[in-house]
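Good morning. I will take a few minutes on one model, going from the whole chain down to its ligands.

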Amino acid sequence: MLNFFHKSKSASSGEPRRLWLDMGDLGDLVNPAGPHEQWQDHGLGLLRTLMHQAGLMTDIASTRAVTSWRQLRSQIKDYDMVFMNVRSYTYPGARKSAEIFKEVNPNGIVIAGGMHATVALDEMEAIPYFDHIVQGPGEQTIVDLARDPSAFPRVVLGQGAKSMADWPMIDRTLWPKPASKHLAKTFNWPLEPECGWGPGPVVTLLTSRVCPWQCVFCNENSYIPNMGRRPVDAVIDELNYLDSHYGPVGSVVIHDSMFFQNPSWLREWIEKYPTKARKAWSYWAAGRSDTVRQWPDLFEALLKETNWDTISIGFESGSDRILRLLNKECTEEDNYFAIDLINRVGDELERQGRKPPVIWANVMLGIPGETPEDAFKTMRMVKSMRRVLPSISFYAPYPGSALGYQLIAEGKSMMSKENYHRYPDDEKVKGIDYQFYRELLAGKYDDEVNRGLDREFIDKPGVFSGALIKA
Ligand code: B12
Ligand code: SF4
């Protein structure tokens, strides 16, 4: 294992010794369980950049860069403060890290923010190791808090930027490095590794934050107030900078929860990206089927003119009953409209010798109230996509979402604070027949799934067990 840890100059200057602790499963930057586990954390990157620009230097450690808690213990020793970005799925590790930090630095202060602090404050307040818990965004709060935590109460309401136009470019060299020689070879740090969507080195970035819809399984707008989108020029400038400093960039992943919104922004993107970017890198980004149907020309132009070639769509279900229950505000018809359009554009581009776009199809199974027929319809829908990377998950009742809160209150959630999510096939909700779903994914109900499908799609393999992702 490489040792990338250097104590910052602050240690000898009388300034407090500050540490950022990047969160994730142990070993994910040593010998990762999968490609997505290696993505860098934009919350950490942004806040650490702001701190360094204000002269508050920090060191970095990562739970992903060690393979045991014992190893982490030695790396987080001799610090006065630690900062963490805690999401629900990293909460168990964050709690454990805070406990270890206190053991090795009895006078040290633990400052934790991130979305779990907003959606499950009670859980964090109950843990004495968290000295300050920051809810909401942190851009306008982090520097003052890091300078003098004692001026703040235990629970702090963080302040964000009004617009992403005010965000500095993240200094990506402040992100943790891959922590094994083996991983370092393919990682492309400070850019990121390839994950099967487009060639590496990959740049992940955000152009917008928070989605205006209110699907009951999601919690986007429960924790970050709406904010202005990043100007198109700033996005392109950042890509060009990264390409010339750390590139050549291979492809881009736009991490926005909802890229396909704000038609005027998208029109400007179509106009400028192909001409002003050093290269119109292909990219992954997310949309919804109802807006594809609302603005089909805009969507088609994005696919053809800007190389949006991995299209993440939250189809979630192929059944209107379930889509209504999820407050998805998309219908079966919207879903099929988007699928047919992408299939058609794909064929057209392929005929021209260009790479056809692929659908990254997010669907959920095991939604409370779902019948076998609903689930067959969902799998039928997935099979009708000509070029698809299925991303299937068992519905997970996260705190912060309306349905999640409801199931937690009813005692039906099987996700605990010890285990918010671990393995793709973990059971998440009481009363769901997971065995049925495993058999469905193994192709046992192919006859039902294939009913009514065109011959072309019937012949596609019906086994999807490998498409199940952590959720
Ligand atoms: C990019 C992303 C990912 C990436 C990258 C993860 C990474 N390494 O960062 C990938 C694709 C890997 C991913 C995967 C998953 N994700 Co995700 N992801 C996101 C997404 C779209 C953007 C995150 C982001 O960068 N935001 C922008 C940054 C700037 O915001 P931020 O990190 O929250 O930080 C701000 C504040 O929280 C605060 N803050 C943070 N830390 C601190 C610390 C201090 C001290 C202070 C003062 C403030 C502060 O200030 C920051 C600036 O305002 C969010 C949705 C969203 N809009 O945030 C979902 C989201 C975080 N993911 C979610 C989930 C559920 C998952 C998955 C489990 C599966 C899934 N359904 O997508 C997996 C599991 C991941 C794993 N490793 O096992 C949920 C989390 C729910 C929860 N209650 O925690 C979200 C909210 C999406 C959703 N609505 O369902 N994800
Ligand atoms: S699931 Fe997608 S569309 Fe629905 S609120 Fe969340 S990010 Fe928005």
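Predicted model: local features only at pLDDT ≥ 70, side-chain atom pairs only at ≥ 80, totals over all residues.

Residues are numbered from 1 along each chain as its sequence is written, and chains are lettered from A and ligands numbered from 1 in the order in which they are written.

First, the chain. It has 19 helices and 12 strands; these are DSSP runs numbered from the N terminus, with helices being H or I of at least four residues and strands E of at least two. The radius of gyration is 23 Å, close to the 23 Å from the globule rule for 471 residues, so the chain is as compact as a globular protein of that length. That radius is taken over C-alpha atoms, and the rule is 2.2 Å times the number of residues to the power 0.38. Along the principal axes, the C-alpha atoms fill a box of roughly 70 × 55 × 40 Å.

Next, the domains. The chain is divided into domain 1 (10-157) and domain 2 (194-467), with bounds from an automatic or database domain assignment. Their C-alpha centres lie 30 Å apart.

Now ligand 1. How many residues surround it? There are 44, and the closest are Gly43, Asn85, Gly113, Pro137 and Gly138. A residue counts as near if its C-beta atom, placed from the backbone, lies within 6 Å. Helix 2 (42-53) supplies the largest share, four residues.

Last, ligand 2. The residues around ligand 2 include Cys211, Cys215, Cys218, Trp213 and Arg288. By class, its shell has five nonpolar, three polar and two charged residues. Here Ala, Val, Leu, Ile, Met, Phe, Trp, Tyr, Cys and Pro count as nonpolar, Asp, Glu, Lys and Arg as charged, and the others, Gly among them, as polar. For ligand 1, the shell divides into 18 nonpolar, 19 polar and seven charged residues.
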